[in-house]
Each structure stands twice: as structure tokens, then as C-alpha cells.
Amino acid sequence: MSKARDKASEQEALRAIQHRCEAWVQEQDSALIGSMYAAINHGKMLRSRLILAIAAGQFSTYQEPIIDLCAVIELIQCASLLHDDVIDSATSRRNRPSINAQFGDKNAIMLGDVLYANAFVKLCGFSSTIARCVAGSVALLAKGEIEDVAYSKEFQSSLEVYYQILRNKTASLIAASAQAAALLVGLDSSAYQTYGYNLGMAFQIIDDILDITQDEQTLGKPAMNDIRERKSTLPCILLYHKLDSSEQQAFLHAFTRANNEDIAFIKQLLLTYSIIDEAKHIAYEFVQNALHSIASEQNSALESIANALIERTY
């Protein structure tokens, strides 16, 4: 199959996944829930694209269980972002008002709960192994969010803590998506879980970098927002360890206060110490680990996804 046909087939599948999610939400028989869900601006559907890429080599067309698994994962991811936006008091997502900004925090939280519950009902239709894999990742995701909030009260300089939060909050669901897809189509689930884990780690690190390097229009949300929210991301942690004691104090003062002047000061330090390049190199190493884990699978689509991740701009 040509690359053009592969792409067309993927796009058709992604539309089918969106329609499946909409149909499941409509099963709630609630005009309010339907209107809130319709107002969500959905993203790049990375996790579904991973599942489709893993399944593509096994079937000539995407079968119903594959579409269903993708839809389960999309509802879970969507629910987690609804809760994230409330926690972060976010007013926009992907250049559109966030659901909490449009309908209020309580409605956004409850819509997230509806999507989680709906996803778990549909997850019951899969094998217990797949269900445990996905459900376990959601527990880790919630744990990571709690840890993220706990450590946002002040700057935390531990790389170990940072990676632990990343593993739970971001990488767990991506790893579970890849693992569940492999289980569904009879491939080596361990290799694909490792691929997903490393891809998830790289994905979040690139997100941390883009928050610093890109503007609001490109990101679809305010730039330098992580610092405004007192989030200790990889670039800032790397920077902190490059500074001498007096510079560290100046950095901590700026990080804690986080006004426009302070943010400009921190951004200049990041440029001065070439921190962005260092963080990109770490993300690149995770991508290489991901590619190494599936080298014997000869899956060009997954290789393309991993390589494109490093180059993405939003």
C-alpha cells in the first residue's frame, strides 16, 4: 500500500474513532453532556495513531475492536485533560476556550467523570488482560497528577521526581495504549509497551521545551505557562543544576514570583546555558530507546511517529 493510501486509511480510521466516541457519549441521552462534549477541541490523537500503526500490519482494514480500543483511550485522554484544565485554571486549549472556561469547573470535572466511566464500561468488552493494562495506567495517571500538584507548591530540583511524575502522568497511558494494541493483535506486548513508555517520556519533554520556545498562537495556550503555574519542568531543573549558589537563589526568587520580568529573566538564563539543546538531547535518547525496542518489528509507521515527535512544533 502506498504512503498516500496509508495516510488516507489512517485519516478514515481517526474519523471513525471520533464518531465512535460521539456515539458513546450520546448513549448518555443528555443534551447538556452532548453539547459540552461537542465543544471540546480534540488534538492530534497520538495514542490512537499508535494503536492504528501497531494494528495496521496485521489486518488489511481496521476492525471494530481496534476502533473501539482507540475510542476508549481517546475518552480517557480527553477526561484527563478536562481535569487538568480545572487543576491548572486553564482558560484555553488549542486556541479555543477550555471547557471549564465555557461551562464552569464543576461541569468540566463531571464531564471528565462521565467520559472516564463511559470508557471503563466499554473497556469491559475486552479481555481482562487488556482491561487491567489500560485501567492500571489510568490509576498511574491520576497518581502522577496528584504528585504534580503536590510538587508545584515550590520548585523541586530532583530529576528523579520529575521522571517519576512523567512516567505516571504522561508515559503510562501511551505505554498502555501500545501494549493493549499489541495484546489485541497478538504481538510482543512487552516490546510495544517499552516503545510507548519511551515515546511518552520524550513527548512530555518536548512539550516542556515547546512551552518555552513557541508562542501562544502556535501552542494554542499561553507560552511560558509552566513557569507561571510553578511547574518544575526538565529545562528549569537542568538549568538549576548549572547555576552557582547565588544564581540559584536569584532563579528561585524569579520562579516563585513569576511575573513577566521574572519569566524573561529565566528564559534568558535558559538560552545562556544552552538548556534547550540539552533537554532536546535527552528527549532524543528516549526516542532512540523507543525505536530500539521495536527494531525487529520493522514497523515504519511507528518509526515515523517517533522521529516526527522530536521535530514537532506544537
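Buried residues are those under 20% relative accessible area, with exposed meaning over 50% and partly exposed in between (1.4 Å probe, protein chains only). The model is predicted, so local features need pLDDT of at least 70 and side-chain atom pairs count only at pLDDT 80 or more, while totals for chains, interfaces and linings use all residues. Residues are numbered from 1 along each chain as its sequence is written, and side-chain values use heavy atoms, with hydrogens and water left out.

**View 1. The Tyr162 and Tyr163 pair is edge-to-face.** Rings of Phe, Tyr and Trp (its six-membered ring) pair if their centres lie within 6.5 Å; planes under 30 degrees apart are stacked, over 60 edge-to-face and the rest tilted. Tyr162 counts as buried at 4% relative accessibility, and Tyr163 counts as buried at 18%.

**View 2. Phe155 and Phe251 form an edge-to-face aromatic pair.** The centres are 5.1 Å apart, with 80 degrees between the planes. Phe155 lies in the loop between helix H7 (128-151) and helix H8 (159-185) and Phe251 in helix H13 (residues 245-257), so the pair ties together parts that are 96 residues apart in sequence. Helices (H or I, at least four residues) are DSSP runs, numbered from the N terminus. Both Phe155 and Phe251 are buried.

**View 3. The charged end of Arg312 sits over the ring of Phe203.** Its distance from the ring centre is 4.1 Å. The criterion is NZ of Lys or CZ of Arg within 6 Å of the ring centre and within 35 degrees of the ring normal.

Note on methods. Helices (H or I, at least four residues) and strands (E, at least two) are DSSP runs, numbered from the N terminus.
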